[in-house]
Amino acid sequence: MQANDHPDFIPLTSKHSLVLTWLLNFLGGAFLVGLCFLLSCLPFFISQRTEVVLFTSIMYYPLWFFALYRFIRYIKTKMAGAIRSISVDEQGIHFENKDGSTTALYYSQFGPTYRSHHYEVYLKPVNKKLRLVLGLEKQEIEIVFDGTDKGSVYYITNARALRAKFIAGLVHFRPDLRIDPTVYKKFSIHPQTFAFDRKQYGKNVVLGVVILGGLLLFSALLAFLLLAVF
């Protein structure tokens with residue numbers, strides 16, 4: 001913990017959208033129920049012969065029930081530590097959990113990691129997403145701002161602003177930590193004001209759409225050529 005040497009540093013707390021929360025929960029639940037139903041009917045899709053269906057069911061359903069049990073356990077474990085809210089202030093970042101407990105990571109705790117050759121704050125791809133990484137007792141720790149990795153009680157609508165505020169806190173209170181410049185670019189954070197840069201974010205979105213459209217167009221042309229040849 002540390003004193004606030006920047007009195008103009010205004011704390012920021014996560015904002016929630018009940019509509020998006022219920023919508024995503026409903027759509028996610030409907031998708032999982034539908035997927036489980038389809039998987040439960042898989043033996044009946046393999047063959048119409050009774051003996052084949054019976055043999056397949058004997059082999060399949062024990063594995064299906066075991067996988068379903070493991071999946072439910074996984075979801076319950078994730079939701080046990082679900083995040084209710086996130087706040088960033090002059091001390092660090094604070095997570096309020098579903099059970100009422102809180103977890104705090106203070107700026108004073110951060111330092112280099114075993115991979116910190118040039119920067120102490122950098123990006124790491126995790127499940128096709130970029131995560132902000134810092135060092136905590138020489139080990140990498142990923143900082144997330146929407147709670148999706150643990151399961152969030154509410155859908156957080158200002159995750160980008162929380163990330164930008166946290167970067168600003170690092171610059172203000174831990175200027176000794178070197179930040180990889182790509183952090184500002186990839187997360188659309190203005191390097192002078194440390195505010196969420198909507199203009200840069202819009203450019204990133206357009207670039208992503210153009211790349212995706214180009215890939216889809218190339219795939220369509222390739223498929224057309226293959227069909228024309230064969």
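## Exercises on a predicted model

**Exercise 1.** In this predicted model, which residues form the nonpolar patch on the surface, and which helix gives the largest share?

*Solution.* Next, sort them by element: helix H1 (18-40) and helix H3 (50-80) each bring in at least two residues. H3 gives the largest share, with 5 residues.

Now zoom in on leucine 39, which sits in helix H1. Its relative accessible area is 36%, so leucine 39 is partly exposed.

**Exercise 2.** Work out where strand S4 (residues 92-97) lies relative to the rest of the structure, and what it pairs with.

*Solution.* Check burial to begin with: 5 of the 6 residues in S4 are buried, so the rest of the structure largely encloses this strand.

Then take strand S3 (residues 83-88), which pairs with S4 in the antiparallel sense over 5 bridges. Valine 88 faces isoleucine 93 of S4, and a hairpin of 3 residues connects S3 to S4.

Now turn to strand S5 (residues 102-106): S4 and S5 run antiparallel, joined by 5 bridges. Here histidine 94 has alanine 104 in S5 as its bridge partner. The S4 and S5 hairpin has 4 residues between the strands, and glycine 100 in this hairpin adopts a positive phi near 95°.

**Exercise 3.** Is arginine 131 buried or exposed, and which side chain does it contact?

*Solution.* Locate arginine 131 in strand S8 (residues 129-136). Its relative accessibility is 14%, so arginine 131 counts as buried. Finally, its side chain makes a polar contact of 3.1 Å with the side chain of glutamate 142.

How values were computed:
Residues are numbered from 1 along each chain as its sequence is written. This is a predicted model: local features need pLDDT of at least 70, side-chain atom pairs count only at pLDDT 80 or more; totals for chains, interfaces and linings use all residues. Side-chain values use heavy atoms; hydrogens and water are left out. Buried means under 20% relative accessible area, exposed over 50%, partly exposed in between (1.4 Å probe, protein chains only). A polar contact is a pair of N or O atoms within 3.5 Å; within protein, one must be able to donate a hydrogen and the other to accept it, and residues adjacent in sequence count only if both atoms are side-chain atoms. Two strands pair if DSSP finds at least two bridges between them.
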